[in-house]
Amino acid sequence: MSTIQKDLEKIRKEDLKALREKLGLHEFIKLLQSYSEGKGDYTEERREILKDIKIEDVQEFLREELS
């Protein structure tokens with residue numbers, strides 16, 4: 001395991017400990033149960049969803065939203 005992975009694991013453990021202490025065991029478990037790793041290939045799905053979107057579409061959307 002690289003040093004960066006060890007550091008991230010240490011931070012993750014400290015963060016989870018702080019959350020457990022702040023929320024209490026019951027709420028902490030509910031929080032953990034609300035997360036999932038997900039499935040599929042996000043990048044490929046995103047490409048498929050956005051394949052027909054052009055930069056002009058985004059610019060027009062932003063103009064409308066910001067006016």
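A crossing of two helices is called left-handed if the near helix is turned anticlockwise from the far one by less than a right angle, and right-handed if it is turned clockwise. By that convention, α1 passes α2 in a right-handed crossing. The model is a predicted one, in which local features need pLDDT of at least 70 and side-chain atom pairs count only at pLDDT 80 or more, while totals for chains, interfaces and linings use all residues. Residues are numbered from 1 along each chain as its sequence is written, and side-chain values use heavy atoms, with hydrogens and water left out.

**Overall form**

- The protein chain has four helices and zero strands, where helices (H or I, at least four residues) and strands (E, at least two) are DSSP runs numbered from the N terminus.
- Along the sequence, the pattern of the protein chain reads α-α-α-α.
- The protein chain is more spread out than a compact globule, because its radius of gyration is 20 Å, well over the 11 Å that the globule rule gives for 67 residues.
- That radius is taken over C-alpha atoms, and the globule rule is 2.2 Å times the number of residues to the power 0.38.
- Along the principal axes, the C-alpha atoms of the protein chain fill a box of roughly 50 × 35 × 20 Å.
- Of the 67 residues in the protein chain, 1% are buried; buried means under 20% relative accessible area, exposed means over 50%, and partly exposed lies in between (1.4 Å probe, protein chains only).

**Helices α1 and α2**

- Two packed helices are described by the angle between their axes and the distance between the axes.
- Helix α1 spans residues 3-23 and helix α2 spans residues 25-33; they pack at an angle of about 130 degrees with their axes 6 Å apart.
- The two helices, α1 and α2, are therefore oblique to each other, as angles under 35 degrees count as roughly parallel, over 145 as roughly antiparallel, 65 to 115 as roughly perpendicular and the rest as oblique.
- On the α1 side, L16, L19, R20 and L23 meet L25, E27, F28, L31 and L32 of α2, contact meaning heavy atoms within 4.5 Å.
- By class, this contact of α1 with α2 has seven nonpolar, no polar and two charged residues.

**Single residues**

- L31 belongs to helix α2 and is partly exposed, with a relative accessible area of 26%.
- Apart from neighbours within four places in sequence, L31 is in contact with L19 and L23.
- L31 and K17 are 14 residues apart in sequence, and their C-alpha atoms are 13 Å apart in space.
- L25 also lies in helix α2, and at 45% relative accessibility L25 counts as partly exposed.
- From L25 to I11 the separation is 14 residues in sequence and 20 Å in space, C-alpha to C-alpha.
- D7 is placed in helix α1 and counts as partly exposed at 42% relative accessibility.
- D7 and I53 are 46 residues apart in sequence and 39 Å apart in space, C-alpha to C-alpha.

How values were computed: Axes fitted to C-alpha atoms, helices over the stretch in contact; angles between N-to-C directions. Nonpolar A, V, L, I, M, F, W, Y, C, P; charged D, E, K, R; others polar.
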